[in-house]
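Biologist: Before we use words such as buried, paired or right-handed, could we look at the model together and ask what lies behind each of them?

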Amino acid sequence: MKKHKIEVMIPREDIKRKVRELGELIEKDIKDSDNEVICVGLLKGSAIFMADLVQRIDHPVKMDFMSVSSYGSSMETSGVVKIIKDVDEDVEGKDIVIIEDIIDSGLTLNYVKKFLLSKGAASVKICTLLDKPYRRKAEVFVDYVGFEIPNEFVVGYGIDYAEFYRNLPYIGKVTLLD
Ligand SMILES: O=P(O)(O)OC[C@H]1O[C@H](OP(=O)(O)OP(=O)(O)O)[C@H](O)[C@@H]1O
Ligand code: HPA
Ligand SMILES: [Mg+2]
């Protein structure tokens, strides 16, 4: 890891409020569906967000996880999305809500959404806590966005820099020092 500092970008209280709002929006959209609803979190970044968000959805949903990696220990995407762990549930005919921590190039979500639709999901929606819309390499329609953030490398609340800082209770901005 290069020498760096971290400053607060989104404090813990703002995240809490936003998670509550997102949970209410998702609940409103899914409560009249006749299909089973599966919230699919993308490991590892979404783990903390997913855990908090599902508790704000007052409707019976299943939880499942995929592991898809493209960053490794770097600050830049490798451009190659690899599925390391598939969902356990059969998604055919189910309504899927993908829960993601951050969208940057869009490569991860573009790939995962197509993948789940190809397995026969009835619908696939996307909920992300953070959106960095400035560096898109692939188009993705995002149904629920917590915060749009500037083009900075961020950590915390599940999001890592070389696997560290996922345990920060806020979103922090990483600045490299020389
Ligand atoms: O829009 P993109 O440019 O594809 O970037 C976003 C993805 O990158 C990060 O995952 P990463 O591959 O680092 O795995 P992690 O969740 O285990 O940190 C992040 O959690 C998103 O899943
Ligand atoms: O800003 C980020 N931080 C950590 N991981 C990431 N993956 C895409 N963007 C980011
Ligand atoms: Mg990562």
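Modeller: What follows is a conversation about a predicted model, in which each term is set against its cut-off.

Biologist: Why is Glu100 called buried?

Modeller: A residue counts as buried if 20 or more other C-beta atoms lie within 10 Å of its own, and Glu100 has 26 such neighbours, so Glu100 is buried. Glu100 belongs to strand 5, and, not counting residues up to four places away in sequence, Glu100 touches Leu42, Ser46, Leu109, Ile126, Cys127 and Thr128. The C-alpha atoms of Glu100 and Leu130 are separated by 8.3 Å, although the two residues are 30 apart along the chain.

Biologist: What makes the backbone at Ala162 and Glu163 worth a remark?

Modeller: Most residues other than glycine have a negative phi. The phi of Ala162 is near 50 degrees, a positive value, and Glu163 has a positive phi of about 75 degrees although it is not a glycine.

Biologist: How do you know that the peptide bond between Leu43 and Lys44 is cis?

Modeller: The omega angle of the bond that joins Leu43 and Lys44 is about -5 degrees, and the bond is cis, while most peptide bonds are trans. Lys44 is found in the loop between strand 2 (37-43) and helix 2 (47-54).

Biologist: How do you know that strand 5 and strand 6 pair?

Modeller: Two strands pair if at least two bridges are found between them, and strand 5 and strand 6 are joined in the parallel sense over eight bridges, so they meet that condition. The bridge partner of Ile102 in strand 6 is Leu130. The chain passes from strand 5 through helix 3 (residues 107-118) to strand 6 in a β-α-β crossover that is right-handed. On strand 6 (residues 123-131), seven of the nine residues are buried. Strand 6 also pairs in the parallel sense with strand 7 (residues 144-148), over four bridges, and Thr128 stands opposite Val145 in strand 7.

Biologist: Why do strand 1 and strand 8 count as edges of their sheet?

Modeller: The open sheet of three strands has the order 1-9-8, with antiparallel pairing. Strand 1 (4-10) and strand 8 (154-155) each have a single partner strand, so one side of each is left without a neighbour in the sheet. Strand 1 pairs with strand 9 (residues 171-176) over six bridges in the antiparallel sense, and the partner of His4 in strand 9 is Leu176.

Biologist: Which residues of the largest nonpolar core touch the most other members?

Modeller: This core has 41 residues, and Val40, Ile96, Val97, Ile98 and Ile99 touch the most other members. Strand 5 (residues 95-103) gives the largest share, six residues. Leaving aside neighbours within four places in sequence, Val40 is in contact with several residues, including Phe65, Met66, Ile96, Ile98 and Ile99.

Biologist: What classes of residue make up the shell around ligand 2?

Modeller: The shell has six nonpolar, no polar and two charged residues. Eight residues surround ligand 2, and Ile102, Asp104, Phe153, Val154 and Ile159 are the closest.

Conventions. Residues are numbered from 1 along each chain as its sequence is written. Chains are lettered from A and ligands numbered from 1 in the order in which they are written. This is a predicted model: local features need pLDDT of at least 70, side-chain atom pairs count only at pLDDT 80 or more; totals for chains, interfaces and linings use all residues. A nonpolar core is a set of buried Ala, Val, Leu, Ile, Met, Phe, Trp, Tyr and Cys residues joined through C-beta atoms within 7 Å. A residue is buried if 20 or more other C-beta atoms lie within 10 Å of its own, exposed if 12 or fewer, and partly exposed in between; C-beta atoms are placed from the backbone. Helices (H or I, at least four residues) and strands (E, at least two) are DSSP runs, numbered from the N terminus. Two residues are in contact if their C-beta atoms, placed from the backbone, lie within 7 Å. A crossover is right-handed if, with the strands pointing away from the viewer, the path from the first strand over the helix to the second runs clockwise. A residue is near a molecule or strand if its C-beta atom, placed from the backbone, lies within 6 Å of it. Ala, Val, Leu, Ile, Met, Phe, Trp, Tyr, Cys and Pro count as nonpolar, Asp, Glu, Lys and Arg as charged, and the others, Gly among them, as polar.
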